[in-house]
Amino acid sequence: MVLNIPDEDRRKAERRRLIRKGALMRRPLTGPLEASVILTYRCNYRCVFCALESEAPAKKADISPDALERLIADLAELDTEQVSFTGGGEPMLYKDIDRFIELTRKHGMACSICTNGSRLDEDRIRRYAEIGVHLSISLNAADADTYTVIHPRTQPEDFHRITRLLGEFVSLAEKLGTQAHSFVSLNFVIHSNNYHQIMEMHRLAREIGASQVQFRLIQPREAHRHLFLNEDQLAQAREQVRAVEEEAAGDARYAVQVMEILRSSEAGIPSCNVEANLFCEPSPGGERTGDSVPCLEGYIATYIDSDGIVFPCCMRSVSISNHYMGNINDQSFKEIWHGESYQKFRTESFLVSVDSKDPRENSCAYCPKATLFQIMVDEWSAGNYLYYYDAALKDALSRPIPRVLPPRAYAVKFISHTLPDRARAGSVVEARVKFKNVSDYTWPALGEPLGQAVGVGYHLRDRWDRMISFDNNPRSYLERDLEPQGEAELTVKVKLPEKPGRYIVEFALLQEKCAWFEQLGAETLKVPIKVKRA
């Protein structure tokens, strides 16, 4: 029997086969599946929840057009599947953005652009529908009035114009038969101005014809505390999310992505974040054991900042010695992809041990891409990966519902710390952080069945208190449950920047896979530190 498989699907399958084979051989045999490119940090909006003005690296210029053209050519030569233009700021402010979108498509790669939609017009949506572009739209509201409150520089007609154009784009794509590449995703950041509109957001997405909708909670920044949800608002948001997921269930053409904290513990939806190594057999050479995380990030994705710096992952771990891969202004991306720094990252991340799930040693154990890695490693398993994935899913369904703490439980009082006031650049320093549970609830320890343990992490800020790194750092968890009014002291390993200067380390509590405490209004502990030359 001859299977009639489209050429594009064959190419996708072949890329994934080469990724798996390359990981076993310890060298990439193809390029990344996806490259995310930050074009600019400029933006024409000032969304009320955004920290661009206070936290964006203002000194960074737009990515060089010459470097971007070389990058796209390199990615195409490496057989990359998709290029995503993102921010930073608003990517459609980038000069000649349409030329680079078309160049990406001419090279045979899928193209996605994450935009507020303000620069869309009839000519653009017609051209995008013709060539095949994924529009990922930050809309954040279900009606014009709310839209103008969240985006103060806009008018009600801006909302109506953008939603109308998106509907026309979807209709054009269906008419042209390009909907496999020309489709819409709507993104909503949930906060006190729009939490009541989640169901309306979902229905607006269906009305437009969007293929995907994403709900995520506002990031916990002190400047936006007035936008945080209180307990009643969070409960209402969770109820709406549950109703949305129930209403959308069974529609294979429409996906709902939800940040875990917006799912109610009563929703009956188990966590399916299966550990990547759960069903993996040892590799033929015996180098990787069943106790290793088969991290494939160094083979499937890459990230390029507007200053040309290439970094391999959005996560951070002290187990990984370096996250600077190179700069496309100094060398080709192809050279960087096959270079020594990337090779070292792949080796270190691939062999990270999960014998201990203590994030001080291994934050990668909680990687959100674990399920994707599990699917990708079928050639290391005794049989077809679908069997193992199905078994993993059944195992997840049989577990108890995640123990998400109620909002009132996220209350902490920091007592002391031992972080030094100065240390060498690039070094890892240990700090003991003492804190008290000032809530009326017991906090779970590391033995929690689905990993919802309470622990301490840190955010890194510059001398002006602007965020450099939010939640990409190793964490330390309670070893035993902490009862109300109880105190605990945990040791956190802090990886300091390579560049000397004055910084702020912000210690914060979190419940793994659920929320950072400050998202629900809890205090953090900010400690200044001077980083000296190594």
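**View 1. Strands β2 and β3 of the predicted model run parallel.** Strand β2 (residues 82-86) is joined to β3 (residues 110-115) by 4 bridges. Opposite S112 in β3 stands S84. Strands are DSSP runs of E with at least two residues, helices are runs of H or I with at least four, and both are numbered from the N terminus. Two strands pair if DSSP finds at least two bridges between them.

**View 2. An open sheet of 10 strands has mixed pairing.** The strand order is β7-β6-β5-β4-β3-β2-β1-β8-β9-β10. Because β7 (255-258) and β10 (326-327) each have a single partner strand, one side of each is left without a neighbour in the sheet.

**View 3. Helices α8 and α9 lie across strands of the sheet.** Helix α8 (residues 198-208) lies across β5 (183-190) and β6 (212-217), at about 170° to β5. Helix α9 (residues 231-248) lies across β6 and β7, at about 155° to β7. Angles run from 0 to 180 degrees between N-to-C directions of lines fitted to C-alpha atoms, for helices over the stretch in contact, with contact meaning heavy atoms within 4.5 Å.

**View 4. The second largest pocket is lined by 15 residues.** Nearest its centre lie E174, G209, A210, S211 and R253. Helices α7 (156-176) and α8 each give two or more residues to the lining, and α7 gives the most, with 3. A pocket is an open set of points on a 1 Å grid over the protein atoms alone, where a 1.4 Å probe fits, with protein on both sides within 12 Å along at least five of seven lines; lining residues have an atom within 4 Å of a point.

Residues are numbered from 1 along each chain as its sequence is written. In this predicted model local features need pLDDT of at least 70 and side-chain atom pairs count only at pLDDT 80 or more, while totals for chains, interfaces and linings use all residues; side-chain values use heavy atoms, without hydrogens and water.
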